[in-house]
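Dear colleague,

I am handing over the structure below, and after it you will find some notes on what turned up when I went through it. Please read them with the structure open beside you.

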Amino acid sequence: MKGNKSVFVISLTLIIVFVFCYIFFSGIVKASFKNEFWEEADVGAISQIELIRGSDSKQILYTKEQDIKVFVATISEAEINRVKESASKIDESYWITIWIAGDRKFGLRIENNQAFSVFNYEGSENNANLYEFKDKSIYKYIENLF
């Protein structure tokens, strides 16, 4: 009887560990731009967003609260993956700088191959990381702004 109880406890423990590992490593828990980056910032305090297209240095500056809210809402729900390196050729890139309470806080470089990196001007462990949007909607959105 004791042997059956021990086998049951060990089996249950292994199943729980397996399920946890599956959820953690398979990406069932969706990573979004909001979860990864906005939690470090006070989104409501964003004073301006600057976008620059790399190919011709054309610039867009959002300072109106409504424009900032639309931009933040659009990119916030984007699903992302962390990647080791960008797989394809880069033809175009966009630089986005987020200003909070008058100070530069975050910079993003988004490439046409869906890869992007984030720079926290106050320093962060995320600075060296490379990410990728799961679909092209965010890149298309930014591209259409110009």
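The buried residues of helix α4 are covered by elements that include β1 (46–53), α3 (65–76), β4 (93–100), β5 (103–111) and β7 (130–133), in what is, please bear in mind, a predicted model. Helix α4 itself spans residues 137–145, and its buried residues are Ile138, Tyr139, Tyr141 and Ile142. Seen down the axis of α4, these residues fall within an arc of 160°, so they line one face of the helix.

Turning to charged pairs, the count of salt bridges comes to four, and three of them are described here. Lys134 and Glu79 meet through their side chains at 3.6 Å, N to O. Because Lys134 lies in the loop between β7 and α4, while Glu79 lies in the loop between α3 and β3 (80–83), the pair ties together parts that are 55 residues apart in sequence. Lys134 is partly exposed, with a relative accessible area of 40%, and Glu79 is also partly exposed, at 29%.

Within helix α3, Lys69 and Glu65 form a salt bridge at 3.2 Å, N to O; the two are four residues apart, and therefore separated by about one helical turn. Asp56 and Arg53 are joined in a salt bridge at 2.8 Å, N to O, in which Asp56 is partly exposed at 43% relative accessibility, whereas Arg53 is buried at 16%.

Finally, Phe8, Val9, Leu12 and Ile16 make a nonpolar surface patch of about 400 Å². Phe8 belongs to helix α1 (residues 2–26) and, with 56% relative accessibility, counts as exposed.

Key
Residues numbered from 1 in each chain as written. Predicted model: local features only at pLDDT ≥ 70, side-chain atom pairs only at ≥ 80, totals over all residues. Heavy atoms only, no water. Patch = residues over 30% accessible without salt bridge, like charges linked within 9 Å, V, L, I, M, F, W, Y side chains within 5 Å. Areas by Shrake-Rupley, 256 points an atom, 1.4 Å probe, with all protein chains shown as cover. Buried < 20%, exposed > 50% of the residue type's maximum accessible area, 1.4 Å probe, protein only. Arc of directions from axis to C-beta. Contact = heavy atoms within 4.5 Å.
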